[in-house]
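Let's take a walk through a protein fold together. Have the picture open and follow along strand by strand.

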Amino acid sequence: MKVTISKDQLTELEIIAKQAFPNEACALLIGHGESVSDLCITQVKPAKNVTKCDSKDSFEIDPLVYFSVAREVRGTENKVIGVWHSHPNGLSKPSDADSRHSLEPSWVWLITALDSCDAKAETKAYQAELANPSIFQPCEIIFS
Ligand SMILES: [Zn+2]
């Protein structure tokens, strides 16, 4: 399982993660590809974290951003293929809350872990299973 992203986009996400520290930051991932092996992120859309829980360990994409992105990609080859968020606790794997909130089969989940705002960030990718989106499989990140 592989996902392609440009180094610039990843750098942009890691900067956003540092700016939001110690809170979680989030973004929608736009791209194309039907199968797991050829998913390609073409655009990242940072969104406000509107969680009603503690934003230090949870996130919710601003639904207004979701709707505007969905409108924008309608009729194009692109679609929302996943979500990115940061883990200010330094752990780059999906949390239990992430599993509970993962509803979209085959979405890519990019997670940037950092444990301080000036630490080196580490980003990992996972994919929600088709049959059971609450289960994540590790995914390789390829730079375009
Ligand atoms: Zn998380």
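In this predicted model, seven strands close up into a barrel. Going around, the order is β1-β3-β2-β4-β5-β6-β7, and the pairing is mixed. From one strand to the next, the twist averages 35 degrees.

Let's see how some of those neighbours are joined. Strands β1 and β3 run parallel, with two bridges between them; here Thr4 has Cys40 in β3 as its bridge partner. On to β2 and β3: these run antiparallel and share seven bridges. Cys40 turns up here too, as the β3 bridge partner of His32. Strand β2 is also joined to β4 (residues 79–87), this time by six bridges, and that pair is antiparallel. Look there for Leu29, which stands opposite Gly82 in β4.

Now for the helices. Helix α2, residues 63–73, packs on the sheet and touches β2, β3 and β4. Its direction makes about 15 degrees with that of β2. Helix α1, residues 7–20, lies across β1, β2, β3, β4, β5, β6 and β7, and runs at about 30 degrees to β3.

So what about the nonpolar residues? In soluble globular proteins, nonpolar side chains tend to be buried together. The largest nonpolar core in this model has 33 residues. Those touching the most other members are Cys26, Ala27, Leu28, Leu29, Trp84, Val108 and Trp109. Which strand gives the most to this core? That's β2, residues 26–32, with five residues. Zoom in on Ala27: leaving aside neighbours within four places in sequence, Ala27 is in contact with Leu13, Val44, Lys45, Pro46, Ala47 and Trp84.

How values were computed. Residues are numbered from 1 along each chain as its sequence is written. This is a predicted model: local features need pLDDT of at least 70, side-chain atom pairs count only at pLDDT 80 or more; totals for chains, interfaces and linings use all residues. A nonpolar core is a set of buried Ala, Val, Leu, Ile, Met, Phe, Trp, Tyr and Cys residues joined through C-beta atoms within 7 Å. A residue is buried if 20 or more other C-beta atoms lie within 10 Å of its own, exposed if 12 or fewer, and partly exposed in between; C-beta atoms are placed from the backbone. Helices (H or I, at least four residues) and strands (E, at least two) are DSSP runs, numbered from the N terminus. Two residues are in contact if their C-beta atoms, placed from the backbone, lie within 7 Å. Two strands pair if DSSP finds at least two bridges between them. Axes are lines fitted to C-alpha atoms, for helices over the stretch in contact, and angles run from 0 to 180 degrees between N-to-C directions.
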